[in-house]
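Here is a short briefing on a single chain. Please look over the sequence and the model before reading on.

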Amino acid sequence: MYSFGSGVLFGTRTDSANATPVNFGLVQEVTIDETATIKELTGQFQRPVAIARGSIKTTGKAKVARISGIAFGSLFYGVTPVAGQIATLFAEGPTAIPTTPFTIRGERRDLRR
């Protein structure tokens, strides 16, 4: 299966049971690098008898075009969103403004001058 274009990066907390995956935001670029050590088994001679790969270190980086502060706080710092918090929603549709008690006021200008 081939996929082309931007993707979505998810993270899951490992410190709580049955954690729900959290969306980081819109992914721009992801890189994963691995570096391994080489171990040599030497005997009584000057040259190694056997060569094998030792431990491997894997690192990853992700560049995101849009990041969720709630996801970042939850995954890295264990912060749970609370009531009264200003939060950004992902992929939410528009919401109609109620007629009362809200009033939308604005200044009307004629831009045809």
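In what order do the elements of the chain run from the N terminus on? The order is β-β-β-α. The model is predicted. Its chain holds three strands and one helix.

**Chain overall**
- The chain has 113 residues, and 8% of them count as buried.
- Take the contacts between residues at least 6 apart in sequence: 43% of them join residues at least 24 apart.

**Nonpolar surface patch**
- A nonpolar patch on the surface is formed by Val64, Ile67, Phe72, Phe76, Tyr77 and Val79.
- Together these residues have about 600 Å² of accessible area.
- Strand 3 (48-67) and helix 1 (69-77) each supply at least two residues of the patch.
- Helix 1 gives the most, with three residues.
- Ile67, one of the patch residues, lies in strand 3.

**Ser68, between strand and helix**
- Ser68 sits in the loop between strand 3 and helix 1.
- Is Ser68 buried, partly exposed or exposed? Its relative accessible area is 22%, so Ser68 is partly exposed; the cut-off for buried is under 20%.
- Leaving out residues up to four places away in sequence, Ser68 touches Asn23 and Phe24.
- Val22 is 46 residues from Ser68 in sequence. In space, the two are 9.4 Å apart, C-alpha to C-alpha.

Terms used. Residues are numbered from 1 along each chain as its sequence is written. This is a predicted model: local features need pLDDT of at least 70, side-chain atom pairs count only at pLDDT 80 or more; totals for chains, interfaces and linings use all residues. Side-chain values use heavy atoms; hydrogens and water are left out. Patches are made of residues with over 30% relative accessible area and no salt bridge: like charges are joined within 9 Å, nonpolar side chains (Val, Leu, Ile, Met, Phe, Trp, Tyr) within 5 Å. Accessible areas come from the Shrake-Rupley method with a 1.4 Å probe; for residues, only the protein chains shown count as cover. A salt bridge is a side-chain nitrogen of Lys or Arg within 4 Å of a carboxyl oxygen of Asp or Glu. Helices (H or I, at least four residues) and strands (E, at least two) are DSSP runs, numbered from the N terminus. Buried means under 20% relative accessible area, exposed over 50%, partly exposed in between (1.4 Å probe, protein chains only). Contact means heavy atoms within 4.5 Å.
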